[in-house]
Amino acid sequence: MQDSAPDPDLRPEMDYTDYLRLDRVLDAQVPLSDAPDELLFIIQHQASELWMKLVLHELTAARDAISQDRLPEAFKGISRCARIFEQLNGAWDVLRTMTPSDYTTFREALGQSSGFQSVQYRLIEFVLGNRDPSKVELHRDRPSDSARLGRELRAPSLYDAALACAHRQGLDVPATVLSRDRTQPHGVDERIISVWAEVYRDPATYWNLYELAEKLVDLEDYFRRWRFNHVTTVERVIGLKQGTGGSAGVGYLKKMMEVELFPDLWRVRTEL
């Protein structure tokens with residue numbers, strides 16, 4: 001019997017380039033114009049998508065850990081995601097070195113492409129609880145993406161998992177909250193604010209939930225900063241013009257800054 005051919009990627013002496021598949025990664029930047037700043041624009045967005053891939057990996061693992069009451073494991077993943085958004089915040093500083101004049105030299109080459117179309121960003125928002133079923137339709141031209149979004153839309157959010165964990169630890173989380181319509185975003189709920197107030201007033205008794213709440217607030221803090229820097233960068237480069245792909249540009253981004261992912265955790269501070 002003849003042995004199957006060895007996998008060419010499983011080399012006896014794999015080096016740095018092989019392991020990281022750098023040939024593929026570094027060949028993925030293909031500017032469509034002669035504009036010097038287009039390479040910066042491409043790398044900025046490709047690097048952001050790679051970081052978002054890691055965020056999704058960490059958030060889904062953290063959600064699974066919370067669902068199984070393995071909270072210290074979840075803390076590590078949530079903290080890592082907050083640091084990733086800190087890293088992404090720094091990347092805006094690099095992109096802001098591109099002036100409006102620089103951007104106009106290649107903007108037409110982008111065609112209808114827009115960051116608004118990023119399925120990974122949409123998945124992150126869905127995992128974090130900012131959900132809108134209509135957003136799935138925006139990806140209907142890519143069935144695998146819309147199917148992935150649909151699955152996430154029906155799954156419990158990270159915050160849903162946190163509330164279910166609080167319920168298992170004996171706190172009075174209403175059944176209607178635990179069985180809520182997962183396709184909708186989280187809204188302020190006075191009953192849940194009272195639950196978190198109990199945790200914050202007695203952290204020694206509910207230490208894991210207390211730390212979980214603070215990790216979630218920390219994550220949203222960095223996420224909000226990322227959104228803010230996104231808005232200021234876009235406004236600095238294109239002003240109030242419509243974005244590529246027909247997006248509303250700065251107007252839409254400013255509206256998104258008003259969204260709270262974990263509203264109860266921000267409101268509870270007023271109650272203490």
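Welcome! Phe85, Trp92, Tyr121, Phe223 and Trp226 come together here as one aromatic cluster. Keep in mind that this is a predicted model.

**Aromatic rings**
- Twelve aromatic pairs are counted in the model.
- One of the pairs is Phe41 with Tyr103, which is tilted because the ring centres are 5.7 Å apart and the planes meet at 35°, an angle that is neither under 30 degrees (stacked) nor over 60 (edge-to-face).
- This pair links distant parts of the chain, since Phe41 sits in helix α3 (residues 38-67) and Tyr103 in helix α5 (residues 100-104), 62 residues apart.
- Phe41 has a relative accessible area of 15%, so Phe41 is buried.
- Tyr103 is buried as well, with 7% relative accessibility.

**Positive charge on the surface**
- A patch of positive charge on the surface gathers Lys53, Arg148, Arg151 and Arg154.
- Helix α8 (residues 143-154) gives the largest share of the positive patch, three residues.
- Arg151 is found in helix α8.

- Arg21 is a residue other than glycine with a positive phi, near 50°.
- Arg21 lies in the loop between α1 (16-20) and α2 (22-26), and with 36% relative accessibility Arg21 counts as partly exposed.
- Asp69, also not a glycine, has a positive phi of about 60°.
- Asp69 belongs to the loop between α3 and α4 (71-95), and its relative accessible area of 41% makes Asp69 partly exposed.

Notes
Residues numbered from 1 in each chain as written. Predicted model: local features only at pLDDT ≥ 70, side-chain atom pairs only at ≥ 80, totals over all residues. Heavy atoms only, no water. Patch = residues over 30% accessible without salt bridge, like charges linked within 9 Å, V, L, I, M, F, W, Y side chains within 5 Å. Areas by Shrake-Rupley, 256 points an atom, 1.4 Å probe, with all protein chains shown as cover. Salt bridge = Lys/Arg side-chain N within 4 Å of Asp/Glu carboxyl O. Lys, Arg positive; Asp, Glu negative; His and termini not counted. Charge placed at Lys NZ, Arg CZ, Asp CG, Glu CD. Helix = DSSP H or I, 4+ residues; strand = E, 2+ residues; numbered from the N terminus. Phe/Tyr/Trp six-rings, centres within 6.5 Å; stacked < 30°, edge-to-face > 60°. Buried < 20%, exposed > 50% of the residue type's maximum accessible area, 1.4 Å probe, protein only.
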